[in-house]
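Dear colleague,

Please find below the structure that I am passing on to you. My notes on what was found in it follow directly after.

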Amino acid sequence: MSAQPTPLPWHEPALAELANRFDANRLAHALLLAGRRLTGKTTFARLLAARVLCREASTGGRNAACGTCSECQLIAAGTHPDLLEITPVDSKQIKVEQIRSLLGWMRGTPQRGGYRVVVLWPAHAMNGISANALLKGLEEPGRDSLLILVTDQPGALLPTVRSRCQRLNLPLASQQEGLTWLGHAVPAGVLPVGTDQATLMQIADGNPVEVAVRSGDGFYERRDAVFGLLREGAAGAPPLAVAAQLARMDGLEVIELWSGLLLDVAKVAAGAVSHCRNVDQRELLEVLGDRADPGALADFSDELIRAQQSLLGPSNPNLQLRFEHLCRAWATL
Ligand SMILES: [Zn+2]
């Protein structure tokens, strides 16, 4: 019985390729795993780390860790001394102290006699000071060490960090692979009722992992609530009342949903209905797509971006005021 998670079927060839390179001593010391958000990149990095540390996989010619050897048991228990995960703690950023302690750790000797592996995610959470500190580790990686950086924003990394890593863009599932996987891998009752899987895949822009993750955290219920309010707002409900309800929700998620809806309105206005993601909101999209003018859509998009930036910034913006402003503009689109 394997204690490791299994690779996503469409990630298996990439894992096999990296396992082969490792066995042939041709694996780079630093990898940059890039790909869209919620596509299983960090899980892939952990699977690769386990494969590198596993005692049995190389001799058995396996693509994934065995899940049963002493190394795999330590990994499953979260206590493998030669495996380190670096991720933000109590902050949105990976701090320079974390990178310094990582570099110190990498200078030591592997305790289990094999490799030392670091999984660092999300790599774009390193600020400039952290990234510059990491460069030292990338320049002098030390023997028998593997550093795996994971990001959905590779463009946000320092070019010098990017250039010192071997980049791997993880593939996405095909529509058929995604639907088959959703049918097998997601327990019954987890997917939202009333929406078919093909629609869920379209809402997630073809990403089945996003469907699975978001089904488990109540996202589709929150999405229904947000779109219900936006529908009322577009149909003439008082902007202040709509804003008051939106302000009680997760502000960033509301803005993300709103932005996605607006993008679809622009697509409908441009006659590209088939490219819309929010296909279950077609009626609202068509009403707005028919009546909104392109300039007003662009202005509203700018407003959403400003609202998002203020929510991400260091100050504590007044969500109610932000949403009142947006709802007034939304009502007159
Ligand atoms: Zn093993």
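I begin with Thr39, which has a relative accessibility of 7% and therefore counts as buried, the cut-off being under 20%. This is a predicted model. Thr39 sits in the loop that links S1 to helix H2 (41–53). Its C-alpha lies 9.2 Å from that of Ala173, although 134 residues separate Thr39 and Ala173 in sequence.

As to overall layout, the protein chain is divided into domain 1, covering 9–169, and domain 2, covering 218–331. The C-alpha centres of domain 1 and domain 2 are 38 Å apart.

The zinc site

Which residues are the protein donors of the zinc ion? They are Cys54, Cys66, Cys69 and Cys72, each through its SG atom, at 2.3 to 2.4 Å from the ion. Along the chain, the donors follow the spacing C-x11-C-x2-C-x2-C. The angles subtended by the 4 donor atoms around the zinc ion are 104 to 116 degrees, so the arrangement is tetrahedral; the criterion for four donors is that all angles lie between 85 and 135 degrees.

The model contains an open sheet of 5 strands in the order S2-S3-S4-S1-S5, and the pairing is parallel. Strand S2 (83–86) and strand S5 (166–169) are the edge strands, each pairing on one side only. From one strand to the next, the twist averages 20 degrees.

Strand S4 (residues 145–151) is joined to strand S1 (residues 30–34) by 5 bridges, and S1 and S4 run parallel. Within this pairing, Ala30 stands opposite Leu147 of S4, and Leu33 stands opposite Val150 of S4. S4 also pairs in the parallel sense with strand S3 (residues 116–120), again over 5 bridges. Here Arg116 has Ser145 of S4 as its bridge partner. Together, S3, helix H6 (residues 128–139) and S4 make a right-handed β-α-β unit.

How many residues of S4 are buried? The count is 7 of the 7, so S4 is largely enclosed by the rest of the structure. In a regular strand, side chains alternate between the two faces of the sheet. In S4 both faces are covered: Ser145, Leu147, Leu149 and Thr151 are buried on one side, and Leu146, Ile148 and Val150 are buried on the other.

Backbone points in the loops

Most residues other than glycine have a negative phi, and most peptide bonds are trans. The following places in the model may be read against that background.

- The peptide bond from Trp121 to Pro122 is cis, with omega near -20 degrees. Pro122 belongs to the loop between S3 and H6.
- Asn25, a residue other than glycine, has a positive phi near 60 degrees. Asn25 is located in the loop between helix H1 (12–23) and S1. With a relative accessibility of 66%, Asn25 counts as exposed.
- Asp90 is not a glycine either, yet its phi is positive at about 55 degrees. Asp90 lies in the loop between S2 and helix H5 (96–107). With a relative accessibility of 79%, Asp90 counts as exposed.

With kind regards

Methods:
Residues numbered from 1 in each chain as written. Predicted model: local features only at pLDDT ≥ 70, side-chain atom pairs only at ≥ 80, totals over all residues. Heavy atoms only, no water. Donors = N, O, S within 2.8 Å, 3.2 Å for Na, K, Ca; no water. Tetrahedral: all angles 85-135°; square planar, octahedral: opposite > 155°, others 65-115°. Domains from an automatic or database assignment. Pairing = 2+ DSSP bridges. Helix = DSSP H or I, 4+ residues; strand = E, 2+ residues; numbered from the N terminus. Axes fitted to C-alpha atoms, helices over the stretch in contact; angles between N-to-C directions. Buried < 20%, exposed > 50% of the residue type's maximum accessible area, 1.4 Å probe, protein only. Right-handed = clockwise from strand over helix to strand, strands pointing away.
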